[in-house]
Amino acid sequence: MTKYLLRLYIAGMTPAARRAIENLEALTADMATQDQELQVEVVDILERPQLAEDERILATPVVVRKLPLPVRRVVGDLSERERVLVGLDILER
Amino acid sequence: MNSSKPETVNTGIQGLDFVLQGGLPRGRPSLIRGGPGTGKTVISLTFLCHGISQGEPGVLVTFDEDPEALLHHAQGFGFPADTYVKEGRLRILDMRPDQSESAGEGIELTAILTRIEYALKQTGAERLVLDAIDGMEGAFLGQSGLRKELNRVFDWVRDQRVTTLITTGELENFSTRFGLEDYIADCVIALKQEVQHRVMTRLLRVVKRRGGPHSAGEFPFLLDSRGIFMVPVSGAALDARVSSERISSGVPGLDEMLGGEGPYKGSTILLSGQAGTGKTSLASAFAQAACRRGEKVLYISFEESVDELVRNQSSIGGNLAHHAGPEGGHRLIMEPVRAIEMGLEEHLMRIMRSVSHHGPDLVLLDPVSSFTNRHEGECAKEMLLRLMYLLKEQRVTTVATELLSDSSGGVSHLDVSSMIDVWIKLRRHEGNGEMNRLINVIKARGLSISNQVKEFRMTDAGMTIETPYIGESGIVYGTARHARQEEDDQIIAQLQQELDQAQRLREEMEETNAARERLARAEREAKAVELDRQVMELERRLASIEGARSAIRRSRQ
């Protein structure tokens with residue numbers, strides 16, 4: 001079983017941030033199977049700037065695949081699902 | 001922003017602060033643009049680290065170079081950047097874009113602002129550098145909202161009221177396209193490189209300076225392992241801060257020729273002469289006199305090496321080594337400058353950097369003519385004038401030597417006379433199988449000078465100046481002088497003798513005349529006595545005859 005830890009960084013609840021959250025939640029719901037589990041964390045860097053620093057974030061929204069390694073990241077409102085999947089290297093069913 | 005603080009923030013680069021009339025506008029963003037390798041990063045690092053060294057923490061945001069490399073860079077210029085980081089006075093934010101995929105629209109650059117703001121707060125930074133901001137474009141190429149987002153970043157930066165320096169490359173006019181130049185930067189500086197006569201020159205130009213004056217024109221600067229150095233091309237009006245203090249030239253006779261006490265302190269002295277006339281020796285005399293007064297001397301030799309100089313001067317009683325060594329308190333600093341491939345600007349800047357590093361009272365340039373021989377005349381002359389000007393501005397006494405070619409007929413072609421306060425000419429006088437050195441003062445501002453050509457002698461004991469012998473057939477120097485003097489002495493002796501004789505004869509004649517007169521008088525007197533006696537005798541005889549006659553007549557009656 002593959003366990004994905006996806007951390008979505010946003011900078012305040014902007015329209016793009018809201019869309020990214022919705023898109024990512026929809027994606028994880030669709031992708032969840034018996035073989036893979038997708039866990040999502042949303043971090044607002046306005047509240048935790050040190051995390052933005054540690055993660056060297058320039059643009060938001062950005063989703064970072066923390067697990068499994070290697071780390072991969074995709075920026076934008078994640079409206080293009082195909083590119084999100086390729087970018088995060090998540091296997092489709 | 002604290003209103004009691006000055007309106008400008010110094011950059012730590014003296015020449016740049018001068019050009020910017022104080023520095024960068026306080027609490028405002030400034031922009032430096034220039035191609036790769038023009039010195040943008042060095043200037044911004046200097047600005048930042050200089051601030052930190054003065055107690056103003058700084059934040060550096062890098063969009064292009066590795067933070068480690070930047071730290072290493074700053075260390076190289078003598079800033080303890082690693083320590084600054086450890087002490088929390090310097091924060092480097094790595095904002096080099098990584099290879100993220102983008103999926104969908106609507107990227108926001110709020111994270112950049114958040115990170116910078118966080119760092120500014122944590123460090124209490126007063127200076128901010130955004131290095132190579134044009135790197136952002138490549139990272140988010142094709143994002144429709146990029147321009148808007150970047151403008152938001154720039155707006156935010158402007159609102160921070162932190163003195164900010166943004167650097168960007170010239171590529172594809174990033175700064176113009178994103179409105180950096182017209183819109184956000186209060187001060188815009190452009191850097192470029194130029195290659196002329198196979199020599200590269202770096203140039204800086206202030207394109208814009210809102211709310212403050214700036215010097216127009218392009219300013220050359222030096223960029224090497226010691227950091228940035230620049231001198232203004234044309235400073236403000238000549239600030240004639242002349243000293244009334246007089247300094248000895250080290251040659252008593254020369255001091256006498258210069259109004260009795262030598263030239264004024266801080267004046268510019270040119271020693272012109274052909275080969276072998278003793279220019280360097282005279283210059284060394286100036287240097288040693290200054291050292292003996294406890295002044296610091298920077299000896300910049302364009303031709304002779306330091307060893308050669310020390311040896312040559314010790315042969316005529318000089319002791320440069322003493323003053324350069326620990327016993328002499330290292331008062332003499334000797335710097336040979338022989339890099340022929342160096343540009344004029346670089347020469348000038350290296351000399352001025354040495355001057356600001358050592359802070360000498362007297363600078364020797366020996367010989368300055370090596371500039372003009374090697375470079376195009378006009379540029380060399382201009383650069384020399386600037387050098388002399390800058391030295392004068394710093395109240396440094398300058399002694400420059402000029403080598404005149406034998407074919408020059410003793411005419412200087414430096415043509416810098418306007419800048420020269422004291423101009424001394426040395427020349428050779430050949431005749432009677434020997435060479436003598438002559439010295440005369442062509443001009444000396446504010447001093448009553450000797451207009452006489454004197455003889456300049458270099459002996460084991462040092463230098464002396466002698467008044468030449470002015471005799472029956474003109475002025476003569478050297479051995480001829482002695483010969484002529486001897487010759488004349490003989491003539492005088494002879495004439496004296498003749499005079500004595502004539503006077504004696506004259507006196508004798510008087511005596512003879514007197515004797516003769518005495519004799520004549522005696523004769524005359526004797527004759528008179530004789531005649532008187534005769535008269536008496538005759539009268540007596542006549543009277544006796546008359547007496548006899550009257551006795552006879554009485555007897556007959």
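Two strands are said to pair if DSSP finds at least two bridges between them. Helices (H or I, at least four residues) and strands (E, at least two) are DSSP runs, numbered from the N terminus. The model described here is predicted: local features need pLDDT of at least 70, side-chain atom pairs count only at pLDDT 80 or more, and totals for chains, interfaces and linings use all residues. Residues are numbered from 1 along each chain as its sequence is written, while chains are lettered from A and ligands numbered from 1 in the order in which they are written.

**The nine-stranded sheet of chain B**

Nine strands of chain B form an open sheet with mixed pairing, in the order β15-β14-β16-β17-β13-β18-β19-β20-β21. Because β15 (332–336) and β21 (462–466) of chain B stand at the edges with a single partner strand each, one side of each has no neighbour in the sheet. From one strand to the next the twist averages 20°; here axes are lines fitted to C-alpha atoms, for helices over the stretch in contact, and angles run from 0 to 180 degrees between N-to-C directions.

Within this sheet, β13 (residues 268–274) and β18 (residues 422–431) of chain B run parallel and are joined by five bridges. I269(B) has V422(B) in β18(B) as its bridge partner. Helix α14 (residues 344–358) of chain B packs on the sheet, touching β14, β15 and β16 of chain B, and its direction makes about 160° with that of β14(B). Contact between two residues requires that their C-beta atoms, placed from the backbone, lie within 7 Å.

**A parallel pair and a helix**

Elsewhere in chain B, strand β4 (residues 58–62) runs parallel to β5(B), with five bridges between them. V61(B) stands opposite L93(B) in β5(B). Of the five residues of β5 (residues 90–94) of chain B, four are buried. A residue is buried if 20 or more other C-beta atoms lie within 10 Å of its own, exposed if 12 or fewer, and partly exposed in between, with C-beta atoms placed from the backbone.

In helix α7(B), the buried residues are E149(B), L150(B), F154(B) and V157(B). They fall within an arc of 140° seen down the axis of α7(B), so they line one face of the helix; the arc is that of the directions from the helix axis to the C-beta atoms. The face turned away from the buried side of α7(B) carries the exposed residues K148(B), D155(B) and D159(B). After α7(B) comes R161(B), with a positive phi near 60°.

**Backbone exceptions**

Most residues other than glycine have a negative phi, and most peptide bonds are trans.

| Cis peptide bond | Omega |
|---|---|
| T60(A) to P61(A) | about -10° |
| D366(B) to P367(B) | near -15° |

P61(A) lies in the loop between α2 (49–54) and β3 (62–67) of chain A, and P367(B) in the loop between β16 (362–366) and α15 (369–374) of chain B. Q21(B), which is not a glycine, has a positive phi of about 55°. Q21(B) is partly exposed, with 15 other C-beta atoms within 10 Å.

**Contact between the chains**

The contact draws 21 residues from chain B and 28 residues from chain A. On the side of chain B that touches chain A, α5(B) supplies the largest share, six residues. The residues of this side of chain B divide into ten nonpolar, six polar and five charged. Ala, Val, Leu, Ile, Met, Phe, Trp, Tyr, Cys and Pro count as nonpolar, Asp, Glu, Lys and Arg as charged, and the others, Gly among them, as polar.
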